[in-house]
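Please read them with the structure open.

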Amino acid sequence: MERYICIHGHFYQPPRENAWLEAIELQDSAYPYHDWNERITGECYASNGASRILNGEGRIIKITNNYSRISFNFGPTLLAWLKENSPEVYQAILSADKESQKNFSGHGSALAQAYNHMILPLANWRDKYTQVLWGIRDFEHRFGRPPEGMWLAETAVDLDTLDIMATLGIRFTILSPYQAQRVRRIKGRTWHEVTGGSIDPSRAYELRLPSRQKINLFFYDGPISQAVAFEHLLTNGEHFARRLAGAFSDARKWPQLIHIATDGETYGHHQRHGDMGLAYALHYIEANNLARLTNYGEYLEKHPPTHEVEMLENSSWSCSHGVERWRSNCGCSSGMNPEWNQNWRGPLREALDWLRDTLAPLYKEKASQFLKDPWEARDEYIGIILDRSPENIDRFMSQHAVHELSPSDKIAALKLLELQRHAMLMFTSCGWFFDELSGIETVQVIQYAGRAIQLFEGLFGDHLESQFLERLERVKSNILEHRDGRHIYEKFAKPAMVDLSKVGGHYAIRSLFEPYAEHDRIYCYEVHREDYQSSETGKMRLAVGRARFTSRITEESALLSFGVMHFGDHNLSGGIRTFRGEEAYQTLVQEVTEVFSRADLPEVIRILDRGFGKNIFSLKTLFRDEQRKILNQILNTTLNQAEAVYRQLYENQVTLMRFLIDLGSPLPKSFQTAAEFILNTSLRKVLEADEFDRNRTKALLDEAEGLRVPLDGVSLGYTLKRKIEQKAGQFRTNPNDLLLLQNLEELVSLANTLPFEVDFWKAQNIYFEMLEKIFLELREKAEKGEVGAQAWVDHFTALGEKLHCRITCG
């Protein structure tokens, strides 16, 4: 009988965007990357789009797109981030789906996902419907075809959700074997119990829904999935392949499907180089004819279900108690903090349920003033989320508005729809999954609630926040300093809130350090500058101006005037207010400019205080990325002074340090610190320089080795990685530049001598691209004796050796 293997990866990250900026701010815990999405993209999402297959010598013989030969789903919010921040990876995912259609009889390997990873059995019917619909629409927008299957968050399932999926055209989903209850042959009479994970996972099953619709279910192989996720099966691709093939049984008399499902991040993030284990397993399966690789759509077409199944409602793959992990202290946790409890889960869900149910009828009543059917409009709002161009928003309003809306009514309608978006985002499953209320995932859902409340209060004028905070007081943290949900809201959500004045304050401060264009953007806000005047006196700077700030999300807009003075250090004073007319503005500009020119700083501060009242801001007003950048500028002078002190100590005492090392005596702490700081700083500067100084680099490395100074491998490795990628990119653009090729070869040679690892991933990709596009042509020229061609071939071949690539052309 036929034998099939299918590997499914659920690729997903919890939304990390600032709920007011629609962007991820700097996350120090992801260092040296900007944020965790960027880090996991480098470790997993990018790697699976260009994974390596090695020979017995550890040389790369092939680079392959894993996605094209497995089944996969990506969370819509993650795909949106990838499109903006890692377009090459995003395109590799889309291309893989097209390639998979060629591999698997016209069936694409990509599955849709319910939109923002909500636990649907715990949602009301309306949210279930919108989540499924948004997931489908997002998929169609990106992949250009309707999805055949849909992944459910945590595989959490109930009949209502499956019924909605079937109604909207979804043919199948994937569940854990522990979610099956009983099976029988289609049209058979006798049911057989299969609880406890005992269902045979090697076939598809049909589920008959109460609405008389049908949907197909696949139950993945539990033991092998467990081994991949938690037992390091990916460390050896051949073993992985044989473990999959070993699950076939001669006792089965039907076309067998051995399939597994795990978090996609297993393949590279959770398990380093897991993508390569996957790539080799797929290669080994095909090369040794162990089975035919397939995806669920192809298998379902070739081998429709012969058995029907009943499942356990309100069940999931990551909670043995059903879906209690997302509403109670059921005992499921990460296990990292066994002394903690999760009693906070229940009251947090109760608070958010209360907020959702309070907002819903008020939304419907208010939105009915602007929209024909508020709930239908919410369903269709995914079209605006995917394309926020003014033209698309106008098309949406022409279809759904009760009449042509005034600008203020249009803003109100958009705010109402945004309110509903955040009222769903606040139920993202990750908010309950982990151990502690103050964790970043839980803070994120609390921030979404804060954004929904802010929109509500702006629209209705009522105060809802205090009632919500009363409920959050019942949500207790395990960490004494965080106390409860109210404290966490006030500590982490409240300071993150943004309005147009805060955007204006950010604009004013940053303008002192880095100029803006006349038309510019700050995250999801457009800025049009109408006037800007600046002055300098010594280290002090003053800026006064006015600009119009407009939200790209709600189209809310305000013309604001501002004034800000920087004292030359970390202190500044400024304010912002609604523009009050040309006369008042010019009076303020003339007064503050004239006083500043006299260096009468106390009077400047008094004018700013008087002119802007309570709308005063400081460096704390800046959004995190710009705040860090400007603080680095401000600290630069101080850091240079500190470096000079360390350098003087190092240079004056380096001979003594060498003598102490020769004696086998430990360096005094002050000497050790100075040497470590100066040598690492000097190395970083050399590696960042436009031109690579080989001799200086070697001297610094030798000195560090001689003094037994530990190198900052994370920082230096990342710096050198970026430098190699830059040179490789230049070489791709100018492939005939022999000097550039030699410089790239030198950098890679250096990286191979260092006591820490440097990531060659992108450079290797470019190398294989050049190998296919230009190497044969240059080798033919070299064979004909063309001047320079032989040198190019020699250096290119040497570069391949140093990048651990094997040349197999020709």
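1. Start with strands E10 and E14. They pair in the parallel sense over 2 bridges. Glu206 has Glu308 in E14 as its bridge partner. Two strands count as paired if DSSP finds at least two bridges between them. Helices (H or I, at least four residues) and strands (E, at least two) are DSSP runs, numbered from the N terminus.

2. A word on the source. This is a predicted model, where local features need pLDDT of at least 70 and side-chain atom pairs count only at pLDDT 80 or more, while totals for chains, interfaces and linings use all residues. Residues are numbered from 1 along each chain as its sequence is written, and side-chain values use heavy atoms, with hydrogens and water left out.

3. E14 has another partner to check. Strand E8 (residues 180–185) pairs with E14 in the antiparallel sense over 5 bridges. Arg182 has Glu310 in E14 as its bridge partner. E14 is mostly covered, with 4 of its 5 residues buried. Buried means under 20% relative accessible area, exposed over 50%, and partly exposed in between (1.4 Å probe, protein chains only).

4. E7 pairs with strand E11 (residues 214–219) in the parallel sense over 4 bridges. Ile174 has Phe218 in E11 as its bridge partner. Axes are lines fitted to C-alpha atoms, for helices over the stretch in contact (heavy atoms within 4.5 Å).

5. A hairpin comes next. Strand E2 (residues 51–54) and strand E3 (residues 60–64) run antiparallel, joined by 4 bridges. Ile53 stands opposite Lys62 in E3. The hairpin has 5 residues between its strands, and Gly58 takes a positive phi near 80 degrees.

6. Is Gln764 buried or exposed? Gln764 is buried, with a relative accessible area of 9%. Gln764 lies in helix H27 (residues 761–783). Leaving out residues up to four places away in sequence, Gln764 touches Arg52, Ile60, Ile63, Leu803, His804 and Cys805.

7. Finally, Leu663. This residue lies in the loop between helix H22 (624–662) and helix H23 (669–688). Leu663 is exposed, with a relative accessible area of 57%.
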